[in-house]
Amino acid sequence: MTATHSKLHLVDVTLRDGSHSMKHAFTEKQVRDVARGLDEAGIEYFEVSHGDGLGGSSLQYGLSAVDEMKLIAAAAEECKQAKISVLLLPGIGMKEDLEEAVRAGATMVRVATHVTEADVAKQHIELGRKLGLKTVGFLMMAHMAPIEMLVEQAKLFESFGAEIVYAVDSAGALLPHEVKERIAAMRQSLTCDIGFHGHNNLSLALANTVAAVEEEATYIDGSLRCLGAGSGNTQTEVMVAVFDRLGYKTGVELYPIMDVANQIVAKFMPRSQEITGSSLIMGYSGVYSSFLLHTQDAAKKFNVDERDILVELGKRKAIGGQEDLIVEIAAKIASSK
């Protein structure tokens, strides 16, 4: 593959997507240490917020141990050049949350909806632009819609004012050729920048990210040591090495990004982000990656196989926001036995 872009924009999501694996319990020191390391390594943007975005701290999604605004402010204080991004899901995050995040130091907002529901994000995209933020449309669970619908929804985001539109493989269910088809179709129909966010439940996050870049995605996400929901995301430090070998410019230094991954993040990770039986089933069945820990808790409570819960969630095409289904399905499986 020959590099076709002068610059790829890497967005590190360790301090947001990693919140799922950390049960939303990042400490201020952990955030400061990671933020400082990312900044020194040359990362352009990194995301800080509850795993489910601004306002996500709740009984349904998981309570944050430390207020996310305090964490955003702490991260911003550590940065000399890197910029802070936040995630916002309409219906969870509110206008006031985004305004407060800006005061805390955020300069990018990624407005996330299900792949068929971009229409609910118009006012949030417009607010992001009004606040002077780099404003992004984030189409989650991109495997669940036909390519034509994905493109239609992406065009809606662009029409609202999104400067970048992402195809998001929230379940880690896409195969490389499916990523190429989606990104190519988006590139043909949009004038804004294209992004890709992958999960590693089928061990394809890096391959999928390379496939996206081959079709001219210029914004790509990763997390250090794969710390993220399910089996995590494309591994940031590996991505830096691979794209350097491929001739792309990322602006990120390999040794420093490896150091923050291995000397900081690895020390507080609650578990290795290997592909376990459960996260493999998530990718295979197309289940939202952040459902993993909720499913494991329900399986223990009802003494059922967590894989059975995940398969049923896949059959029901469950999406983010339907976490209550997990307990319902676990109870049903237990009663049938």
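A: Two residues are in contact when heavy atoms of theirs lie within 4.5 Å. Please keep in mind that the model is predicted.

Q: What covers the buried residues of α3?
A: The cover includes the helices α2 (28-41) and α4 (95-104), together with the strands β2 (45-47), β3 (83-88) and β4 (106-114).

Q: Which residues of α3 are buried?
A: A residue counts as buried under 20% relative accessible area. In α3, which runs over residues 68-77, this holds for Glu68, Met69, Leu71, Ile72, Ala74 and Ala75. As a general idea, an α-helix has 3.6 residues a turn, so residues three or four places apart point the same way.

Q: Which contact is found at the start of α3?
A: There, the backbone nitrogen of Met69 has a side-chain oxygen of Asp67 within 2.9 Å.

Q: How many helices and strands does the chain have?
A: There are 14 helices and 8 strands in the chain.

Q: Why does the radius of gyration agree with a compact globule?
A: For 337 residues, a compact globule would have a value near 20 Å, and the 18 Å of the chain agrees with this. The C-alpha trace spans about 60 × 45 × 40 Å along its principal axes, and 58% of the 337 residues count as buried.

Q: What share of the contacts joins residues at least 24 apart?
A: Among contacts between residues at least 6 apart in sequence, the share is 78%.

Q: How many side chains are positive and how many negative?
A: The chain has 33 positive and 45 negative side chains, with the centres of the two sets 2 Å apart.

Technical notes
Residues numbered from 1 in each chain as written. Predicted model: local features only at pLDDT ≥ 70, side-chain atom pairs only at ≥ 80, totals over all residues. Heavy atoms only, no water. Helix = DSSP H or I, 4+ residues; strand = E, 2+ residues; numbered from the N terminus. Rg over C-alpha atoms; globule rule 2.2 N^0.38 Å. Buried < 20%, exposed > 50% of the residue type's maximum accessible area, 1.4 Å probe, protein only. Lys, Arg positive; Asp, Glu negative; His and termini not counted. Charge placed at Lys NZ, Arg CZ, Asp CG, Glu CD. Polar contact = N/O pair within 3.5 Å; in protein donor to acceptor, adjacent residues only side chain to side chain.
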